[in-house]
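Work through the exercises below with the sequence and the structure side by side. Try each task before reading its solution.

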Amino acid sequence: MTTVADAPTPRAEASPTYDFGPATGLVCRECGAVYDLGAAYACMECFGPLEVSYDFGTVTREQIEAGPSSLWRYSALLPVSAGSVDEPNLAPGWTRLIHAHNLAEELGIQTLWIKDDSGNPTHSFKDRVVAVAQSAARRLDLGTLSCASTGNLAHAVAAAAARGGMKSVVIIPHDLEDGKTVTTATYGGKLLAVEGNYDDVNRLCGELIGDPLTEDWGFVNVNLRPYYAEGSKTVGYEIAEQLGWRLPKQVVIPVASGALLTKVDKAWRELIELGLVEDTEYKVFGAQAVGCSPVEQAFKAGHDVVRPVKPNTIAKSLAIGNPADGPYALDVVRRTLGSIGAVDDDAVVDGIRQLARTEGVFAETAGGVVIATLKQLIASGELDPNEETVILNTGDGLKTLDAVIGQVGPTATIQAHVEDVRKALA
Ligand SMILES: *Cc1c(COP(=O)(O)O)cnc(C)c1O
Ligand SMILES: [Zn+2]
């Protein structure tokens, strides 16, 4: 039997009829061993995680700018493209970058931008990673999309499978928000709620990969993880392009598995390498909730190893106690001279309300974590309020209404009389 700790032999091999764009293979992040493109995620030599390797050739700004208004404009920088009608998908990405004047003024920060990924088709940044993984699944002839999810990924996988005419089996902890379970279930795939937390779900998926039952399943964040993770790079590409092909000085990114944080950095290094942006220095900051802050704890303690924790926070989309990319996130933050903050649940709710009140953006709990962390980093002097800063809002508040229910409500409940309005507003 295969467990997560064993390195499984890849069963699905790349079909020669499909195009993997500039991707050349999979490479071990630890020992550098190289593998053919396939549904593999762990090195057979050292169990290290695999990452897509590329031969980009020449890529120009004009070529990208002429592309579609979705993440597929960056096909030349991804392991797959899916521009054709033969590959129906949700075409996520190209979300807005908001100049947040009002919030900036309240926080005493000079230039603040919000990359608002709540505008994706299923209202979180997870549509990006799923689009790339789905495209890889097609190329590997895997007919069922699956995942271990903290909620947003469940929603994104179920919707992408429906749109793409694929089956789906989505596995989640049993105690997620209705905004994530009801939405996911409506797309008609299979939804399994496990009596356990995300880390139990993830372990189960690792075991399922060795089972004949899952022969044609692509677990987007397990055996397709190298492709999935590349989807996160598009957040970084878009920020740079939307700023007029340049990098900001500081960025604050919510951390669950740590993939998004590491891939925004990877995207910017690629853009520098390709000569698409000027080589300027930037600092990467991470944001976690106190109730699940294994990466922040390792950062503060000066450790390279991330010790697993048992999550207990309202920020369920970030509640991964044993983050796969935690050590790599630490590397990025330390290399760029950033840092990682952690904030409590009350501060998360305040952050959600402040962002809504100042910018008209209703964020989910992960967005609240970012706003609260931004404030903490300014107060501690770790983030410089005089340098241009981008923060990420990765999900829509409509999915986590529970966070604010009971905190807000009607100003008054009145009779339909002008006099009552006058009194209520006095
Ligand atoms: C998954 C998720 C993240 C972070 O993702 P990782 O790549 O696992 O760190 C951030 N915000 C939201 C809303 C998410 O769903
Ligand atoms: Zn290796």
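**Exercise 1.** Decide whether Tyr-227 is buried or exposed.

*Solution.* Take the relative accessible area of Tyr-227, which is 0% in this predicted model. Buried means under 20%, exposed over 50%, and partly exposed in between, with a 1.4 Å probe and protein chains only. Tyr-227 is therefore buried.

Two notes on conventions. Residues are numbered from 1 along each chain as its sequence is written, while chains are lettered from A and ligands numbered from 1 in the order written. The model is predicted, so local features need pLDDT of at least 70, side-chain atom pairs count only at pLDDT 80 or more, and totals for chains, interfaces and linings use all residues; side-chain values use heavy atoms, without hydrogens and water.

**Exercise 2.** Classify the ring pair of Phe-20 and Tyr-227, and say which parts of the chain it ties together.

*Solution.* Start with the count: the structure holds five aromatic pairs. Rings of Phe, Tyr and Trp (its six-membered ring) pair if their centres lie within 6.5 Å; planes under 30 degrees apart are stacked, over 60 edge-to-face, the rest tilted. Phe-20 and Tyr-227 have ring centres 6.4 Å apart and planes at 50 degrees, so the pair is tilted. Phe-20 lies in the segment before strand E1 (23-28), and Tyr-227 in helix H7 (residues 225-231), so the pair ties together parts 207 residues apart in sequence. Helices (H or I, at least four residues) and strands (E, at least two) are DSSP runs, numbered from the N terminus. Finally, check Phe-20: at 7% relative accessibility, this residue counts as buried.

**Exercise 3.** Classify the ring pair of Tyr-54 and Phe-56.

*Solution.* The centres are 4.6 Å apart, with 20 degrees between the planes. The pair is stacked. Both Tyr-54 and Phe-56 are buried.

**Exercise 4.** Which ring lies under the charged end of Arg-73?

*Solution.* The test asks for NZ of Lys or CZ of Arg within 6 Å of the ring centre and within 35 degrees of the ring normal. The charged end of Arg-73 sits over the ring of Trp-94, 3.8 Å from its centre. Likewise, the charged end of Arg-29 sits over the ring of Tyr-328, 4.0 Å from its centre.

**Exercise 5.** Locate Ile-378 and find its distance from Trp-94.

*Solution.* Ile-378 is in helix H13 (residues 365-380). With 18% relative accessibility, Ile-378 counts as buried.
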